[in-house]
Amino acid sequence: MNRTLTYLLGPELVWLGMLAITGLISKLSQPLPANDHDKLLNIGWFLPALGVIFAFTTFFWAAGSHWWWLTRIGIASLIGSYFVVNFLCEAARYGDSRDSGIGSAFMAFIGLGWMVLFAMSFLAALCFLVKWPFLTVFKWLLIAIGGLTILGLLIGWLASFGATKGS
């Protein structure tokens, strides 16, 4: 891959994509019906963390210093997660008394995204310092997260069999 192209396909592009997806979700949910308010806010529980994980996948084609790339990921993820959460919370606003939990949701979603960022950055820095192969560790971390996600979806699907829609 071309060296210039690898720099352009960095974490900033990942976060621009996340912002585009968030903007599309926000645009499609307007005007905000009562049942979409919770759905829109539930997206905030995983979208910032997902963006951070996707930003770290750019290490697979990173050119140059890993420390410089980690700095780019950190700065892009701090700014990107703020804007993604801000777009989601602004789209979930009614402009009246029903907005009582929006500020708390904003802080919780930002905190979740930044917590994943700091944990992943610590893991990457530790791997760089002790000369462990970070990509191997990250690959197995992604496999574990994917497996747990599939297990959680399976449990949720199995638990939905006894539920009735009317009660």
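**Residues and helix packing**

A: Ser121 sits in helix α6, where helices are DSSP runs of H or I of at least four residues, strands are E runs of at least two, and numbering starts from the N terminus. The model is predicted, so local features need pLDDT of at least 70 and side-chain atom pairs count only at pLDDT 80 or more, while totals for chains, interfaces and linings use all residues. Residues are numbered from 1 along each chain as its sequence is written, and side-chain values use heavy atoms, with hydrogens and water left out.

Q: Is Ser121 buried or exposed?

A: Ser121 is buried, at a relative accessible area of 16%. Buried means under 20% relative accessible area, exposed means over 50%, and partly exposed is in between, with a 1.4 Å probe and protein chains only.

Q: What is Ser121 in contact with, leaving aside neighbours within four places in sequence?

A: Phe56 and Leu70 are in contact with Ser121 on that count. Contact means heavy atoms within 4.5 Å.

Q: Phe56 and Leu70, then. Which residues make the contact between α4 and α5?

A: First the geometry: the axes of α4 (residues 47-56) and α5 (residues 66-91) come within 9 Å and cross at roughly 155 degrees. Axes are lines fitted to C-alpha atoms, for helices over the stretch in contact, and angles run from 0 to 180 degrees between N-to-C directions. The two helices α4 and α5 are therefore roughly antiparallel. The cut-offs are under 35 degrees for roughly parallel, over 145 for roughly antiparallel, 65 to 115 for roughly perpendicular, and oblique for the rest. From α4 the contact takes Leu47, Pro48, Val52, Ala55 and Phe56, and from α5 it takes Leu70, Ile73, Ser77, Ser81, Val84, Val85 and Leu88.

Q: How many of the residues in the contact of α4 with α5 are nonpolar, polar and charged?

A: Ten are nonpolar, two are polar and none is charged. Nonpolar covers Ala, Val, Leu, Ile, Met, Phe, Trp, Tyr, Cys and Pro; charged covers Asp, Glu, Lys and Arg; the others, Gly among them, are polar.

Q: What about α5 and α6, at what angle do their axes cross?

A: Roughly 170 degrees, and the axes of α5 and α6 come within 9 Å. That pair is therefore also described as roughly antiparallel. The contact of α5 with α6 divides into 19 nonpolar residues, six polar and no charged.

Q: And how do α6 and α7 pack?

A: The angle between α6 and α7 is about 145 degrees, with the axes 9 Å apart. Met120, Leu123, Ala124, Cys127 and Phe128 of α6 meet Phe134, Val137, Phe138 and Leu141 of α7. Nine residues in this contact are nonpolar, with no polar and no charged ones.

Q: Which residues are worth a look in the loop between α6 and α7?

A: Lys131 and Trp132 are both found there; the loop runs between α6 (102-129) and α7 (134-159). Lys131 has phi near 65 degrees, a positive value in a residue other than glycine. Lys131 is exposed, at 72% relative accessible area.

Q: What does Trp132 touch, not counting residues up to four places away in sequence?

A: Leu126 and Cys127. Trp132 is partly exposed, with a relative accessible area of 49%.

Q: Changing topic: where is His37?

A: His37 is in helix α3, residues 34-43, and is buried at 11% relative accessible area. Between His37 and Arg93 there are 8.2 Å in space, C-alpha to C-alpha, and they are 56 residues apart in sequence.

Q: And Gly111, in which helix is it found?

A: Gly111 is in helix α6 and is partly exposed, with a relative accessible area of 35%.

Q: Last one, the whole chain. How many helices and strands does it come to?

A: Seven helices and zero strands. Of its 167 residues, 36% count as buried. Among contacts between residues at least 6 apart in sequence, 77% join residues at least 24 apart. The chain exposes about 10,000 Å², and carbon and sulfur atoms supply 74% of that; accessible areas come from the Shrake-Rupley method with a 1.4 Å probe, and for residues only the protein chains shown count as cover.
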